[in-house]
Structures are given as C-alpha cells and as structure tokens.
Amino acid sequence: MGTSKNAIRFILDGKLIEIENIDPTRTLLQYLREDIRRVGSKEGCAEGDCGACTVVVGEAVDQRIRFRAVNACIQFLPTMDGKMLFTVESLISSRQQLHPVQQSMVDYHGSQCGFCTPGFIMSMFALYKTDADPDRKAIDDALSGNLCRCTGYRSIIEATQHMGEYPVSADADPIIYRPAGENVEDVSAQEQEMLERLDQLQRKQGLQLKYGDAQYFAPASIDELAGIYQQNPDACILAGGTDVGLWVTKQLRDLPKVIYLGNTAGLNQINETDAGIEIGAAVSLTDAFDYLATEYPELAEMFRRFSSVPVRNAATLVGNIANGSPIGDSMPALIPIGARIKLRQGSKSREIPLEDLYIDYQKNAMQSGEFIESVIVPKRDESMKFRCYKICKRFDQDISAVCAAFALRLDGDVVASIDIAYGGMAAIPKRAAQAEAVLSGNSWNEDTVRQAMNALSKDFSPLTDMRASAAYRRLAAANLLYRFYLETRTQDALTSEAVNVFAVQA
Amino acid sequence: MENPATMQAREVAPGQSIPHESAALHVSGEATYIDDIPELAGTCFVALGLSQRAHARVTHIDYQAVKSSPGVVMVMGAEDIPGVNDCGPIIHDDPILADGLVEYYGQPIFAVVATSFIAARKAVGKAVIEYEDLPAIIDVREAKRQKSWVLPPARLRRGDAQTALEKSPRRIKGEISVGGQEHFYLEGQISYAAPKEDGCIHLWCSTQHPTEMQHVVAHVLGLDLNQVVVEMRRMGGGFGGKESQSAIFACIASVAAYRLNCPVKLRLDRDDDMVATGKRHGFHYEYEVGFDDDGLIRAVSIEMAAQAGFSADLTGPVVTRAVCHLDNAYYINDVSIDAFSAKTNTQSNTAFRGFGGPQGAIAIEYIIDNIARNLGKDSLEVRKLNFYGKDDRNVTPYGQLITDNIIHELVDQLETSSDYWIRREAVEKYNSENTILRKGLALTPVKFGISFNVVHFNQAGALVHIYTDGTALVNHGGTEMGQGLHTKVAQVVALELGIDVQNVRTTATDTSKVPNTSATAASTGADLNAKAAQDAARQIRNRLALFAAKHFNGDASEVAFIDGRVSSNDKSMSFAELVNLAYQSRVQLWSDGFYKTPDLHWDAKTLQGRPFYYFAYGAAVSEVVIDTLSGEFKLLRADLLHDAGNSINPAIDIGQVEGAFIQGMGWLTSEELVWDADGRLTTHAPSTYKIPTITDCPDAFYTELYQNQCVEDTILRSKATGEPPLLLPFSVFFAIRDAIASVGQNKINPPLRAPATPEAILDAVTAVREGRDTL
C-alpha cells in the first residue's frame, strides 16, 4: 500500500483515511468536529470526565477485532494510526435504520436533552460487541464514564438491558452488527477482511511525523524508543494520553516533541515470570486490571472505581505510576504487595522498588532520558491478607480523598509483617512507616491497631483541598486501618458486607 | 361551536407515552446544537479573560502580547461596548465586561476574538493585569454578619411567632447549612452571532429565554428590538442556568460580531463556564420552632440567608420562592420569615430547577426531623400530623387558600406501596446488629407552587400552520432543553386536530415568530405554551369544522376529527384531503394562539396573594446505608410517587421525576462547591465537581405517577413536572440523617450539613458520638 511518509492511516466506517501534515496534538474530537464535520460526538468537558465525545476504536487482538470506547477529546489524532474508528454516525445502516442500541435508547426513553446521548450510544455499542445481555454491574461499569444530567440513568440502564433483544438489519455491516443467530465466536468473512486490512496498516518501522517545528515519534521497538528518548530527553512520552491530553486541552501547552508508546512492540504485553507479573508500559489499565484482579481479587472494587472504562481503555498502568500523582490509586495499591519497576535508559536497564520511584511532589528517581519499561507485580502470596480501600465523594470515576492498601502476614496472632501505603495523604504515594513499626512484631489486636492509628499522625500531614479537609483525611486514614483490622482480625472477622456500604444490597 | 361534551372528553384525554420528538436524532448524533451548526464563512471565535481576584480594582491591563498572539483579530474591553454595559435581568448591576472593578474570581474582564477557538484561548493567557485588592466576602454567613446585601431583606409574618414560640410547650433552636449546586448542563454556554443587513443581528443562543437575549443584545448594541432575532432549536440541558446567565455570552458574541461585521461564536470551555457562571444559591438558616408534645408545630421563626454572589441576577424571585416554600406541605400557624440576599464576592447565583423552592422547603423538613427525634417519634408521624388540612388549616403563610390538597392520600398510598413500616422495623433490626454500617429510612413529602411569582410572565403565544398535505408545523415561545416540551406541545396539537403526532413538527424557538415570550422556567413550559398552541389549533379546527360541515351537509358542532380523518353526517375524508379542499376554498389554515394563566395576583411588598395557579404534590421514601468509619453512603432503594395530574406523556413525566430525583440527590450528597480562601472556585471541572453517575441510580428504584387531574383548567388537566420532583430526594438526605442518628440511639439530632459528602457524614457521626447536636 503506497503511502505518504508524513501521514497516518486508519479506517473509518470501513474506508481508509490517510491524513498528511497533522498537528501531533490535534485531538481526535477536533478532527472529527472541525476537520471532517462529524459533529455527532460532542465536547462536554475536554478532559475525559463526561463521555459526551465517546467513540469506539477497533484493533486486531488475537485474530479478532476488539472494540473499545475511548474519549475522543483527549486522544491525539496520530494515535489512531493503524486502527479502526467508529463514531455515532457509523452506526446508522445504509437504509437509515437505527442500530439496536439506538433503537433501544429511543424505545426506553433514554434521552432527554440528547447532548450526552451519542457518547452513551458509543459506550453501549462497545458493550454490545462483547456482551449484548449485560447485568446491572456490567452496565454500570461500561457507562460509568458517561455523565447524564437529565435522566437519572434509570431509563438508560433499561435501554441497555434490552439492547440485545432487537433484530439486526439485513444489510448491516457485520463488523458493526452482531449477525442474528450467528455464533459470536466465529469470525465472519467480513471481519476476516477487516482484520487483513488492519494488518496491512500495521507498521514494521517506527512512525515519525513532522508538523512545523513539532515532531511525533511512534517507535516500533523498545530499542528504538530508548534511542529516541535518549536523544530527545525533553520529549513528552505519551501512552494513553489521559493526562497528557489535558496538558493540551486545559493548560494549552505546546508539546514540540511527543513519543508515543502505543506502537512499540514488547511494551503492550503482560508476561508472567518467576519474579511476578510483568506489565509493559503500553498495557492499558483495562488489560492490566483484568489480569491483576484475578491474582488480587481484593483490588477488584478499586479497579472498578478507578476512573472510567473509556479512560481505562486508553490509559496505562505504567502511565499512572510514571505520572506519580499523590492522588493516583495504583501506587498505594501496588506498593504494599512489593511491586517493582523496570527502568530503561539508552541500553541500560535497572530495577527498583516502586516506592523508591517517588522522592517528592512531582519529583522522581528517573534520570534524563530514562523511562519505565514495565512494572512487575509479585504473584500472590497465599499467607498474605490484603485489602485496598478508596474513599471519595462518588462511587464511579472520582479521585480519591484517601486511598489505602494494607498487606498483612500473621504468625499466629502476631504481625509477622505489615505493609501499608496511602494515597492522598502526602505529596507522594507513601508508606506509613510509623504505623507499620507500631504493629510489626506485636499482636494483631484492637489495642495495637489503635496505637497504630495514632501513629499515622506522625506518618502524614495531609492537606486540605476541594476533595477533603486535612482533619477528615487523618480520621478516615486511621479508620481505614481499623476497617482492615475488623476484616482480618483472628476472631470474629467481619465480612465486607459489614464494613463496606457498596457491598450491601437493598 | 364544537359539541361541549366531545371537547371536554378531548381535554382530559389520557396521555400517551410517545418518545421524545428528537429521540431518533439524539441517538444518531443528528440533533443539532448551536456548536453543530455549519459555520458561516469568516466565523471568528471568542475566549474570555477572567478575573484572577475575588474583589479588586483593575489598575492596569496590558494587551500587547494578546494582540500579537497568532490569529488574534480583536481584543474587547468594557470600553468597546457601544450601548449599555449591563445584562442584569431585573436590577442593572451585571456588567458584561468588568469596568475597572472585579467582584468575583472568574468575572469576565475582556474578550479575545481570533480565527480559531484555540488561538483565542491561547491569547487570553497573555494579558498582564494589575489589581489592587479590596476586602472580599466569600462565605454567606460572613455576608450576613456584615449585612452585605444585593437587595433589601424580604419579610413575611403571619400571626405572632414570638408570642406563640414563648407559649409553646417545646422549642428547638438551631442552624442549617445547605450548599449551592452547579448546573452542569452537558452543553456549555454558547452563542453564535451573525451580522445581517441594515445593522441587524441574528443570534443562535443556547438559552431558556430568547426574548431576554433579544432585549439585552439590543440594549448593549443600542438597536431596536426588531433588529435582533434570536433562534434556539434545543439546548443540551438548561436547568435554570441558561435563563439569565446566557445573556453575558449573547452580548459579547453580538458586540464582537457587530464591531467586526463578521459571524462570531462564543463557546465556553467547561472550566471557564463553571468559574464564570452562577449556580444554585446556597442557604444558611437560623431558626426557632415551637411545638407541642405531639409534634404539632405552633410557630416557626426563621432567618434564611441566600448566597446571592456579587449581583442580584434572579436572587430576588429566588428568595421569594424560598419564602413561599418554607411551609412545604405543612400548616404553620404563626410564622416569621426574614430572608436575606447576601452579597458575596462569588459567581452571581441564579435560577436552578426549583428556584429557591427546594431551599425553602428543606428547612422545614429539617425542623420537623428534629421535632420527631426530640419527641422520640417516627418523623413520618410528625410530618403527617402537620400536613395542611383540607377544610381548615389550609391557608399558606402568603395567604393562598389551598384547594387541591392530596398530600394525605398520596402519602398514604406511598406508605403502603413502599412497605414503610415493615422496612422501618428491618432498619432498626439491622442497626441493632451492625456497628460499622448503619441504615436509615425517610419519607418526605412535596408541595410545590406552579406559576411565575410575577403575574405578567404567565402568558404565552403560539403559531400553528397546516400545510396542504395535512401536516402541521407549530412554533411557540417555549424552549426545548430536554424536558419534552416540544413533544407535549405536538401531542396537544395532534389531539386537537385529530391527526397523528408524526404529522406535527415543532420548530426552533424564534423571536421573529412568537414575540415577547417568557422564559421557559418555573416548570410552566407546557402549562403555558401547550395551552397557547391548543388555542391556535382549535381556531383552525373550528374553521375546518365549518368548512367540513358545509362540505358534508352536516352540523359544524358534530364534525369529528379522529385518527387523521374528518367526518360528519356519515361521510368522511382524510384530514389532508379536507385541508387541501379548504385551501382551495380560501380557508385560513394557520392561526396564532394565546394563553394567560387566570386568577393570579401577588403583592410583592407584603408577600401576599395568590401567586400559584395550583400545587403539584409528591412524596418519596429512601433507604440508605452509611459507613460510620468513612462517611460513605449508598442509596439502597427509592420509591417515588408523584402527581403529574393527568399526564400528557407519562414516559416523559417519569423521566422528569427520576431525573430530578437523581439531580436533587446530587445537590444534597456528592455535589460540593468549594471556594478557597482567595475566593477561587476549586471545583471547576467534572474531575473535582461530582454529579451523580450511573452507579448512583439505585437498583431498587420505583417511580409511579399518582392518579389525579388538576382541579384547575390546565392543559389536559396535567400538572407541571419540571421542578417539583427535585424535592423528592430530601428523603435521601433525611435517611442519611436517620442512619447517623442511630449511632446515638436516635436521641441526638445529627448536625448534618448539605451536601452530605463522606466528610459531612463523618463529621455528624463524630458529633453524635460525642453527644453534640452542633458541629
């Protein structure tokens, strides 16, 4: 396939799109709305928090096309290279018939003002492609990134529950529509054709784009990436773009050099080794969490509540770690279980404990030109009792006021080891060393736990901000340690139904 | 001339749950919002320079770097406004661009017009502004302490509250604090202005009040009203936030378009929208209540202070409505209300669904909750004891006789259908068995007055056209913001003409079609505009009936219009055929229509009269569980029963009820507005300001419409449903309070503030544990 060098290619509605000379930080939403006037996708917030811009991206994964919802408002256009894109306009068949998710939304009165609706439709469509008969939890998870201010959601939930009942139209493209009665496990001829077309778009060589003085690199290998970053240590490393996107849409920053990790072979992998589960820098939160939740089911609730599906589909676990935000949730979750990170600088590699990455507010142990290649999470130690708690104002997609994780090993009723990390309590994700010291070697009982709760005040001097006051953070942090004790005490341990409101059913 | 029996039957026809008229357009992405309109050649874009101080004199502005920024076409300050620099809806204290004095953090100071949205936004940050700080008031209590008002206090007295309090067997004094609320319409504020010939302006504006936008734009440009046309097809949500507050953006876009003689679009970035625009008023209350040993209220004395922000905007009528809803569903014999419009150096607060009504009513609910706990009674018993009577105890503090009271039977029905008492026992049992988690249950009622408190706003106009193919086109003064107004209006017109609603199209609100319209607000959209459209359609129907009678040799009073056919004297033809014949016989096939709500009167000085045509009622039961360690809560179940009269469209009305419930729950739980010490709003994006998401919608969520017909002659005997159900989630707040109280064996009134964030809940838990009923 002949192609211009300074161009990206992707498939939109089955058609090959090739765009030359693009601003690397032009967002997908700007492209859709302003350049090609597909105005169905809306801008509600330009920061990935409202979902009005949701589109679906198709990629070849294990010989199938995998459909995932992402926020177009913070996705840079060049990252579409080699992918398939679906917008709300894609769903109407050639006979102007509504797609089942659209018809169900009409019939169950799921739209009022309609502004959020295209985004909901696309999140529903992504869900439909994997689970056309979802339960309430699957619906909540799939739609947690879409805000609606009108309906109160009940009608949208009902529409999603019923979307699988609609017949698909005869002339529908089977890439988009689930063929009636066809075994979804089978790859249709059309899907096979699309897979082949996608395969032709994949690059063996790295991609470099120039736009005025701006440069965009999408290296094809880790060595190439390491070389480019060593030569351009001032470049911005881009993975999912769920934070970097806001630098552009909100802070209006110019990013003259961008290095995108999404096409780098080897980074998009999860490998199990003796050391543990190694998650590459381009692995999405969705994939990383799916894997880790099997190993650590205690993390499942935090993972559900960590941002939203469209953000988790784009964002990466290593990106969250590298970002090092004091209120990021993955670090407090991973530090107590002994996660390590693999750093790469040019041809040099090194490995350090995750907690050693963070030095001070937005200051880390990485050197110029060094980047995180992967994070290594130890395999489950069956003797460990582990919990992770997240507290914020809203269940879905909220940043923690306090996030805490506790990993405990008991020898009888004596604390053999305890590892505690908190987010939201300091300028960095941080261990509670004083509290750990109080508990280590002592018996795991209410008295020592109360002492440890007091010791937390020596570990942390949290801030007051819009999420919570310092006093609340202190009290909640201590109480979460107490909650952990109640769930893990050697006698009369409480179940999560007795300590977690979200585990309670009506 | 129509047979009165058939007309009457039509006027109480059962509603039809058809989908929203734009539903198919919404789901396909085809529905056009202002930003989706294809841009005219040469369109420029605006971004606003906002104040970085809460209260200061602007001593110097250097625009040099702004002007030399790529793509910049023009920079505009207050001095560049040709007409009057004001867009205040009632009091003229709302500058469009600050002129030397800034009064809140986020106030627009200047506008940059550029060749792209991004270019304008990038240039804005390059201005160098020097300020001389002035003392700022951020908190409503501090404003009250300093007697800092935007308007004089409002007073309402009935009886002698002070004496009645002194004679009451029991008294409680206390304070209540309720936060404001960001509208978070998904479509932000946007205006798109295009200059037309002869100095005219065409403005597309996402607004609930096209006529007012026409007025302010004419005012600011010094034009006649007939030179400004405002067009509005649909908003991506309004909720009150686009009633008066769309004005500033309409004006800036229009001034820029006028000065540059090119089309200009002003679309606010979400953060700028949240920082610059007003919100629901937060309130602070100090009250004293006197009651007897049964819990019957003898007297209430209350001071309520509304956080107005820096200017009056709509605070006056908001406060009036708060005063008129302090009673909610309860008779209060002796009452004294002092209501303050407190001036703070924050965004100028404005209309928001309920318009002060919720803030008035929540105070009495809080008070009753306290009375019940004080007496060791279930709060439902005390609520019922204090309900308005039907034959006595039925005059509101503002002097309106209540003639449509159904709260007793409505609450009885809900009490049964929700198994209130069985669940009360279950909650008590749960709480006796659990230490960390506690459950709470509450039933709260709603009575909400419908009409604008300003009598002359209660009027509407409409145009109905019938084309020769038998299709109808309706235009009226109301605006569509998702509430289904256009759907209901189309249904009414279709019913009147006996045609399929698919053949009725409602078009964009347009000040050049129906003039001098009122805001689509106060829940009155369908009440007013559907009546006007019905009037227009009825005139055409009558003309067609005369024509058909002649044609069929029948009697005009017996002509039937049913299912798209017109029949008389055993003969019939399709509506389209008849229309075509009528056209050839030179029958006028279009009509205007007009409606004004009857029997309203109001004395704004004494706060006495009949401000409301009728009341809408409702009630809700909510059950929650709270975590006494973290303060988190979850709504487990909600049962809603709401009075929509004879609903025109039950599906749409249920959507209004459910949507209002969740939105109101957000106001009272997760939605917290936080200003820092400098007066900067720190919750200025969805990342920090948390409206409810899908998981917040309870699994067990049961909504029903109460079988009723409005006692007044409203459109199809329906009742307004926009605002009243926003009060239903009081039940969530008081269920949380109930759960907290269980920590202190239900003996201490938890000092729970709204919004009940985890922190607010934990603060109240801590207070109750320590035996305090104050924070």
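**Note on the predicted model**

1. In chain B, B:F45 stands opposite B:K265 of strand 12. The model is a predicted one, and this pair belongs to a parallel pairing in which three bridges join strand 1 (residues 44-50) of chain B to strand 12 of chain B. Strand 12 of chain B is also joined to strand 9 (residues 190-196) of chain B, here by four bridges and in the antiparallel sense.

2. Which way do the residues of strand 12 of chain B point? B:V264 and B:L266 point one way, B:K265 and B:R267 the other way, and all of them are buried.

3. Chain B is divided into domain 1 (43-135 + 189-267), domain 2 (137-179 + 280-389) and domain 3 (459-596). Between domain 1 and domain 3 of chain B, the C-alpha centres lie 39 Å apart. Contact between these two domains involves 18 residues of domain 1 of chain B and 14 residues of domain 3 of chain B. On the domain 1 side, helix 7 (210-221) and strand 11 (228-232) of chain B are the elements that give two or more residues. The residues of that side comprise five nonpolar, eight polar and five charged.

4. An open sheet of five strands in chain B has the order 7-15-14-13-8, with mixed pairing. Strand 7 (149-158) and strand 8 (170-178) of chain B are at the edges; each has a single partner strand, so one side of each is left without a neighbour in the sheet. From one strand to the next, the twist averages 10 degrees. Ten bridges pair strand 14 (residues 297-309) with strand 15 (residues 334-343) of chain B in the parallel sense, and B:M304 has B:A339 as its bridge partner in strand 15 of chain B. Helix 11 (residues 357-375) of chain B lies across strand 8, strand 13 (283-291) and strand 14 of chain B, at about 135 degrees to strand 8 of chain B.

5. Where the chains meet, 72 residues of chain B are in contact with 67 residues of chain A. Elements of chain B that each supply at least two residues to this side include helix 4 (117-124), strand 27 (614-627), strand 28 (633-642) and helix 18 (650-668). The largest share, seven residues, comes from helix 18 of chain B. This side of chain B divides into 32 nonpolar, 23 polar and 17 charged residues.

6. Most residues other than glycine have a negative phi, and most peptide bonds are trans. A cis peptide bond, with omega about 0 degrees, joins B:A754 and B:P755; B:P755 is found in the loop between helix 19 (730-741) and helix 20 of chain B. A:Q63, which is not a glycine, has a positive phi of about 60 degrees and is found in the loop between strand 3 (54-61) and strand 4 (64-71) of chain A. A:Q63 is exposed, with 9 other C-beta atoms within 10 Å.

How values were computed
Residues are numbered from 1 along each chain as its sequence is written. Chains are lettered from A and ligands numbered from 1 in the order in which they are written. This is a predicted model: local features need pLDDT of at least 70, side-chain atom pairs count only at pLDDT 80 or more; totals for chains, interfaces and linings use all residues. Domain bounds come from an automatic or database domain assignment. Two residues are in contact if their C-beta atoms, placed from the backbone, lie within 7 Å. Ala, Val, Leu, Ile, Met, Phe, Trp, Tyr, Cys and Pro count as nonpolar, Asp, Glu, Lys and Arg as charged, and the others, Gly among them, as polar. A residue is buried if 20 or more other C-beta atoms lie within 10 Å of its own, exposed if 12 or fewer, and partly exposed in between; C-beta atoms are placed from the backbone. Two strands pair if DSSP finds at least two bridges between them. Axes are lines fitted to C-alpha atoms, for helices over the stretch in contact, and angles run from 0 to 180 degrees between N-to-C directions.
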